[in-house]
Amino acid sequence: AIVQGSEKPTAALTRLHAQASPSGLKVDADADFALAAIDVGQRLLAANRPDVAENFFRAAEQSLLLAINKTKDANAQEKALYLQQLAHIRINYLNEAAAGSDNMDAAILLQPGDENLKTMKSNQTRGRAEQGKSKAKN
């Protein structure tokens, strides 16, 4: 409905928020909404609707921030996952690479032994360096 323009993004976000578990996962309600909003945003990008997708990524960003603030550092694995998701949308969809990088650093501080987080951080740094080289050539 959003892709065809018959439903406004705000109405769809409200409807998504109203669902008991929009993602179907057993996680914090704010994180649950954020994961569902990211999924919808990615589908909208695939449908060539980046303008509408941004609404969903922004809503996911706000919900992830709420989930992160509610999650205690003692639950490091869960909090690191939320930080990783926040970094992902900031870097890949919201053009907020510096903030996303800070989120990845915070996730790594919570889970210093997690090699996957370190690899993701390394890949994103490499990707930004390659983008910089590409822009310099043009």
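Predicted model: local features only at pLDDT ≥ 70, side-chain atom pairs only at ≥ 80, totals over all residues.
Q: Okay, what about arginine 90, which residue does it form a salt bridge with?
A: Glutamate 61 is one of its partners, with the closest N and O atoms 2.8 Å apart. Arginine 90 lies in helix H4 (residues 76–92) and glutamate 61 in helix H3 (residues 50–70), so this pair ties together parts that are 29 residues apart in sequence.

Q: And are arginine 90 and glutamate 61 buried or exposed?
A: Both arginine 90 and glutamate 61 are buried.

Q: You said "one of". What else does arginine 90 meet in a salt bridge?
A: The side chain of glutamate 96, at 3.5 Å from N to O. Arginine 90 is buried because its relative accessible area is 11%, under the 20% cut-off. Glutamate 96 counts as partly exposed, at 22%.

Q: Which residues are linked in that network of salt bridges?
A: Glu54, Arg58, Glu61, Arg90 and Glu96.

Q: How much of the protein is buried?
A: Buried residues make up 36% of the 138 residues. The accessible surface comes to about 8100 Å², and 52% of that belongs to carbon and sulfur atoms.

Q: What about the largest nonpolar core, how many residues does it have?
A: It has 29 residues, and Leu64 and Ile89 have the most contacts inside it. Helices H2 (29–46), H3, H4 and H5 (97–110) each give two or more residues to this core. The largest share, nine residues, comes from H3.

Q: What does leucine 64 touch?
A: Leaving out residues up to four places away in sequence, leucine 64 touches Ala34, Ile38, Tyr82, Gln85, Leu86 and Ile89.

Q: Tell me about H2. How many residues does it have?
A: H2 has 18, and it reaches 26 Å from its first C-alpha to its last, close to the 26 Å expected. Its buried residues include Phe33, Ala34, Ile38 and Leu44. Asp30 and Asp32 are among the buried residues of H2 too.

Q: What's up with phi at asparagine 48?
A: Phi there is near 65°, a positive value in a residue other than glycine. Asparagine 48 sits in the loop between H2 and H3. It is exposed because its relative accessible area is 61%.

Q: And where does asparagine 95 lie?
A: In the loop between H4 and H5. Asparagine 95 has a positive phi of about 55°, although it is not a glycine. With a relative accessible area of 73%, asparagine 95 is exposed.

How values were computed
Residues numbered from 1 in each chain as written. Heavy atoms only, no water. Buried < 20%, exposed > 50% of the residue type's maximum accessible area, 1.4 Å probe, protein only. Areas by Shrake-Rupley, 256 points an atom, 1.4 Å probe, with all protein chains shown as cover. Salt bridge = Lys/Arg side-chain N within 4 Å of Asp/Glu carboxyl O. Helix = DSSP H or I, 4+ residues; strand = E, 2+ residues; numbered from the N terminus. Core = buried A, V, L, I, M, F, W, Y, C linked by side-chain atoms within 4.5 Å. Contact = heavy atoms within 4.5 Å. Expected span 1.5 Å × (residues − 1).
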